[in-house]
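Dear colleague,

Please find below the structure that I am handing over to you, followed by an account of what was found in it.

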Amino acid sequence: MSSLQRHFLRRVVQGVGRERKSRWSLITERKMANVVNDGGDSTEKIVNGAVGGGGGVEDVYGEDFATEEQFLTPWAVSIASGYNLMRDPRHNKGTAFTEKERDAHYLRGLLPPAIFTQELQEKRLMHNLRQFEVPLQRYMAMMDLQERNERLFYKLLIDNVEELLPVVYTPTVGEACQKYGSIFRRPQGLYISLKEKGKILEVLKNWPERNIQVIVVTDGERILGLGDLGCQGMGIPVGKLSLYTALGGIRPSACLPITIDVGTNNEKLLNDEFYIGLKQRRATGQEYAELLEEFMTAVKQNYGEKVLVQFEDFANHNAFDLLEKYTRSHLVFNDDIQGTASVVLAGLIAALKLVGGTLADHKFLFLGAGEAGTGIAELIALEISKQTKAPVEETRKKIWLVDSKGLIVSSRKESLQHFKKPWAHDHEPVKNLLDAVKAIKPTVLIGSSGAGKTFTKEVVEAMASFNEKPLILALSNPTSQSECTAEEAYTWSQGRAIFASGSPFDPVEYNGTLMVPGQANNAYIFPGFGLGLIMSGAIRVHDDLLLAASEALAVQVEDEHFEKGLIYPPFTNIRKISANIAAKVADKAYQLGLASRLPRPKDLVKHAESCMYSPLYRTYR
């Protein structure tokens, strides 16, 4: 490198952080920086201003002087300027930059002259979103907004949560995951595949943020009720973490979505030329376990003891094993098992005001004995045990589960998976759900099977025949996989059912009465639950924390909601709900000695609210 080249390179380095240079000097210095790749012959051409490629376009990076076989170094010079500011989603305000900000940050001419408030921007975007008739188009528009204006994205989502929650999460996110390869534009998280085995810690360090508080991770094997979507399951961690910020107030920069790609057994994806993941069969056994072990070790090493790792949409055989293995060494939470259980228990506690009695007075029948079903069942048993002081082994006998082979009974115990065995009670074999309903006569019917249209007319009519107010929860997602619709539940029960679902349904008019179905959405629980863990500095998740979250949600259902048949509060108050849940979870963490942030705040609700991320625009100097 010649002395002239070194001189200009020094000027480039020294220029970062100084006052903004002229456009010509910046271009000139970039040219000088790139002569490193040109074998030294470019210096004279640059000095003489003769650098150029075809069509009169200046060759800023020296690419036209290199052959196709030569390697190029992608030089970049970062200088604060309006153009770059507008392309930083964390700081971009678009047309909301004020006159002073436009002058101070070199934005003059880069924006149209009109100045919009954030509220006006929000109004315009909602108007545009409502023009789309296809939900996936709305989803893509929201993702585009998140990538160009982060604060406006969250302001829009918070202020219009009931309308936009089904867009950024279930049910639309299911379709987005199915088509993720086709709609993929830019990565929104970390992809860790088998190719990265042995260097996962290095991969984590490639992420630009260091102070990570929540990680949502999936391996894509059981996405909602849609099955194995492999690497395209990334839509789930991205969507969940958007809700952590919008509903729970966790800073976006503290959230990290991760997909672990160990292959897929989905033949359609393996043959799809646009599939973005590894085109191989899923790794299992020791190879899978070693990759997950390396991942969990690297997470703790890189982000510390108190980073929350949320497992999402792992298949049953891995979900239970991972939760059991790491619950004693890491701060881990499985939303499919624990989050679903907590939100359903909250609905059941609230519903007691409508159906009467205590939890111990009721009998529960589940269709589905996987992660969600057994997780809900166990938390119900724990809550009844807490209330009655009876052993949990005894309280489990009030809960029955039906799987693909029929009612889970003692005679099947030897062939059952380990997580189903606690629910094998003494009873003669029953082959199908309808016969199980007639034999058990439950007061509560819960669907977590992932199989749509399984709460048939005969099943609902049977529930209504021996219950004045049958409680029916069709929890499977997305909407197409729901065990029944709200209209079916109300119609087949003559308007007497208390109904809630996993995905949203519109209100139903029955005999002149407007019936409003509830939504047993995990989004009620996990954002506030995560905030409670973070603000208390919890180091482990305990079952009592989940019970505390359920109880905190249940008490926020008011009389006006019960009058409409609702067993959950409206999402319009979700940040208040999350703050109260966070406070109860933190309080229990302090009581159990699991909290590490001392001293304990006096008012945990106010502290939770003060910790929440605000999407309002900041004023720049």
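F153, Y154 and Y613 are linked into a cluster by ring pairs, where rings of Phe, Tyr and Trp (its six-membered ring) pair if their centres lie within 6.5 Å. By this rule there are 12 aromatic pairs. One of them, Y524 with F571, is stacked, with 4.2 Å from centre to centre and 15 degrees between the planes; planes under 30 degrees apart count as stacked, over 60 as edge-to-face and the rest as tilted. Y524 lies in the loop between β14 (518-519) and α23 (526-536), and F571 in the loop between α25 (559-562) and α26 (574-591), so the pair ties together parts that are 47 residues apart in sequence. Helices (H or I, at least four residues) and strands (E, at least two) are DSSP runs, numbered from the N terminus. Both Y524 and F571 are buried, that is, under 20% relative accessible area, with exposed meaning over 50% and partly exposed in between (1.4 Å probe, protein chains only).

Please note that this is a predicted model, in which local features need pLDDT of at least 70 and side-chain atom pairs count only at pLDDT 80 or more, while totals for chains, interfaces and linings use all residues. Residues are numbered from 1 along each chain as its sequence is written, and side-chain values use heavy atoms, with hydrogens and water left out.

I turn next to the annotated sites. An unreviewed UniProt entry places the feature "active site" at Y169 and K240; UniProt positions are given in the numbering used here, feature names are shortened, and annotations may be inferred rather than shown by experiment. Although these residues are spread over 72 residues of sequence, they cluster in space, the largest C-alpha distance being 7.4 Å. The lining of the largest pocket includes Y169 and K240. On a 1 Å grid over the protein atoms alone, a cavity is a set of points where a 1.4 Å probe fits but cannot get out, and a pocket is an open set with protein on both sides within 12 Å along at least five of seven lines; lining residues have an atom within 4 Å of a point.

Y169 is found in the loop between α9 (161-168) and α10 (172-178), whereas K240 belongs to helix α13 (residues 235-248). Y169 counts as buried because its relative accessibility is 6%, and K240 counts as buried at 2%. The side chains of K240 and Y169 are joined by a polar contact of 3.3 Å (a pair of N or O atoms within 3.5 Å; within protein, one must be able to donate a hydrogen and the other to accept it, and residues adjacent in sequence count only if both atoms are side-chain atoms). Leaving aside neighbours within four places in sequence, K240 is also in contact (heavy atoms within 4.5 Å) with residues including E312, D335 and N522.

The record, again an unreviewed UniProt entry, places the feature "binding site" at R222, N477 and N521. The lining of the largest pocket includes R222, N477 and N521. N477 is found in the loop between β10 (471-474) and α22 (486-492), and a polar contact of 2.5 Å joins its side chain to that of S503. N521 lies in the loop between β14 and α23 and is buried, with a relative accessible area of 4%. Among the contacts of N521, leaving aside neighbours within four places in sequence, are V343 and F571.

With kind regards
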